[in-house]
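Let's take a walk through this protein together. Have the picture open and follow along as we go.

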Amino acid sequence: MTETANARKIAFATFVRRALDEARATRAWSGTEVSRRTGVSRQTINRWVRGDWASDPEAERVVAFCEGLGLDPTVAFAALGWDRTTSRRTSPSPPPMDPDVEALLRRLVDPDVSDAEKFHIRETIRYLAYRPTLPLGVRKRGDAAS
């Protein structure tokens with residue numbers, strides 16, 4: 001293995017490790033949760049962390065990992081020594097954001113808001129985002145039509 005290839009593996013492993021540490025610290029995500037949210041298997045992520053890969057990671061997987069964690073893929077590309085500006089998936093522009101959601105996001109980045117409050121905001125959002133939803137035709141008990 002050439003020194004350049006080894007340095008790229010170390011740089012990318014460091015990038016992935018930092019991304020995982022950040023996801024654990026700020027979002028309380030486990031490795032399984034990171035895998036679920038990014039669509040990249042835990043085995044692949046673990047190989048990236050160890051620098052245990054014979055050929056470069058697939059660009060689509062790197063992009064999916066970054067986007068799932070809210071990171072800019074160009075940073076990962078730079079760690080890999082790739083000369084690419086971005087490979088973000090093209091998607092329609094997102095719908096306008098609800099003002100209440102915008103207020104929550106502002107609180108999450110406000111340095112005057114305590115870490116404990118930010119943790120509770122994230123936990124509440126996570127609960128609401130991933131709770132099972134009932135089909136429209138299902139009613140609550142006692143809510144039957146007269």
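Before we start, one term: two residues are in contact when they have heavy atoms within 4.5 Å. Keep in mind, too, that this is a predicted model.

Start with helix α2, which covers residues 31–38. Which of its residues are buried? They are G31, E33, V34, S35 and T38. These buried residues pack against three other helices: α1 (3–27), α3 (42–50) and α4 (59–69).

Now slide along to helix α7, residues 115–130, and look for K118. This lysine is buried, yet it has no salt bridge. How far away is the nearest side chain of opposite charge? That side chain belongs to D115, and it is 4.8 Å away. K118 does have something polar beside it, though: a polar atom of its side chain lies 3.4 Å from the backbone oxygen of L108. Leaving out residues up to four places away in sequence, K118 touches R107, L108, V109, D110, P111 and V113.

Last stop: the surface. Here M97, V101 and L105 form a nonpolar patch, with about 240 Å² of accessible area together. L105 sits in helix α6, which spans residues 99–109. Why does L105 count as partly exposed? Because its relative accessibility is 39%, and partly exposed is the range between under 20% (buried) and over 50% (exposed).

Notes
Residues numbered from 1 in each chain as written. Predicted model: local features only at pLDDT ≥ 70, side-chain atom pairs only at ≥ 80, totals over all residues. Heavy atoms only, no water. Patch = residues over 30% accessible without salt bridge, like charges linked within 9 Å, V, L, I, M, F, W, Y side chains within 5 Å. Areas by Shrake-Rupley, 256 points an atom, 1.4 Å probe, with all protein chains shown as cover. Salt bridge = Lys/Arg side-chain N within 4 Å of Asp/Glu carboxyl O. Helix = DSSP H or I, 4+ residues; strand = E, 2+ residues; numbered from the N terminus. Buried < 20%, exposed > 50% of the residue type's maximum accessible area, 1.4 Å probe, protein only. Lys, Arg positive; Asp, Glu negative; His and termini not counted. Polar contact = N/O pair within 3.5 Å; in protein donor to acceptor, adjacent residues only side chain to side chain.
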